Amino acid sequence: MSAADRPRGWVAALFSRELRLSLRSGGGALIGILFFLAVVTVIPFGVGPDLNLLARIGPAVLWIGALLATLLGLDRLFQADRDDGSLDLLLMAGRPLEIVVLIKCLAHWAGTCLPLVAAAPVLAIFLNLEPLAIGAVTLTLAVGTPALTLIGAVGAALTVSLRRGGLLLAVLVVPFSIPVLIFGVSAAGAAVSEPAPFLAPFLYLCAVTLITAVIGPFAAAAGLRFSAD
């Protein structure tokens, strides 16, 4: 019995394939990091040299930059599979499509969002964040960006049959990403302003990520099945 035929062999094979495609397509992680860098470095020129102001708005800037960078590659999450016929094979393979979607989302997150999380502590220096605030922002991004990917997967599934659906995808995804943005910025900002509690918004952010991990694959799988009909 080959590795791909074992119960969990196809999961590892699919994850490895999707991770390689995520890193290769459109520049992968490098484009996301460069876009993230562009957003973070432009903000200080816009708000001026006030270091205290930069420290207050720093968590929000990093979260907005991460959200926009995450949107860059979402339109390719299922589009390439549809173009080369792989999506039809996945639908007919008899594998649970929800599991396939979840694996693709995990690989996409590891290839595009995880480098953003790793780059956040370095970029936070441009915004005059204290070490405690840098740690809080990095932690919230690590917990919250999977939710952004899973929400984006639903939008990508709904627009997979549309040519140049990237703009429509952004319009669909951004409103549903607002709760993630609110709790992520609130938790990270709590490390800057000490009277604000960190744990409550952080736990809400964890809850949102867990909810999207349950609902997102089912909603995206339903969208893919609808687009294939």
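This is a predicted model: local features need pLDDT of at least 70, side-chain atom pairs count only at pLDDT 80 or more; totals for chains, interfaces and linings use all residues.
Residues are numbered from 1 along each chain as its sequence is written, and side-chain values use heavy atoms, with hydrogens and water left out.

## The overall picture

Of the 229 residues in the chain, 45% are buried. Here buried means under 20% relative accessible area, exposed means over 50%, and partly exposed is in between, using a 1.4 Å probe and protein chains only. Now take the contacts in the chain with a separation of 6 or more: residues 24 or more positions apart account for 81% of them. A contact means heavy atoms within 4.5 Å.

## Helix α3 and its two partners

Two packed helices are described by the angle between their axes and the distance between the axes. The axes are lines fitted to C-alpha atoms, for helices over the stretch in contact, and the angles run from 0 to 180 degrees between N-to-C directions. Let's go back to the opening pair: the axes of α3 and helix α6 (residues 97-124) come within 11 Å and cross at roughly 155 degrees. The two are therefore roughly antiparallel. That label is for angles over 145 degrees; under 35 counts as roughly parallel, 65 to 115 as roughly perpendicular and the rest as oblique. On the α3 side, L62, A66, A69 and T70 meet H108, C113, L116, L123 and A124 of α6. By class, the residues of this contact are seven nonpolar, two polar and no charged. Ala, Val, Leu, Ile, Met, Phe, Trp, Tyr, Cys and Pro count as nonpolar, Asp, Glu, Lys and Arg as charged, and the others, Gly among them, as polar.

The other partner is α7. Helix α3 (residues 51-71) packs against helix α7 (residues 131-158) at an angle of about 30 degrees, with the axes 11 Å apart. That makes the pair roughly parallel, and this crossing is right-handed. From α3 come P59, L62, W63, A66, L67 and T70, and from α7 come V137, T140, L141, G144, T145, L148 and T149. The residues of the α3 and α7 contact split into eight nonpolar, five polar and no charged.

## Where α6 meets α7

Helices α6 and α7 also pack together, at an angle of about 150 degrees and with axes 9 Å apart. That makes them roughly antiparallel, and α6 passes α7 in a right-handed crossing. The α6 residues in this contact are L102, C105, H108, W109, C113, V117, A120, P121 and A124, while α7 brings I134, T138, L141, A142, T145, P146, T149, L150 and A153.

Which loop holds N128? N128 lies in the loop between α6 and α7. Most residues other than glycine have a negative phi. N128, though, has a positive phi of about 60 degrees and is not a glycine. At 30% relative accessibility, N128 is partly exposed.

L53 is partly exposed, at 24% relative accessible area.

Here are two further pairs. R76, in helix α4 (residues 76-84), is partly exposed at 34%. R76 and A153 are 77 residues apart in sequence and 9.9 Å apart from C-alpha to C-alpha.

## A word on the cysteines

How many disulfides does the structure hold? The number is zero, where a disulfide is a pair of cysteine sulfur atoms within 2.5 Å. C113 is buried, with a relative accessible area of 0%, whereas C206 is partly exposed at 21%.

How values were computed:
Helices (H or I, at least four residues) and strands (E, at least two) are DSSP runs, numbered from the N terminus. A crossing is left-handed if the near helix is turned anticlockwise from the far one by less than a right angle, and right-handed if clockwise.
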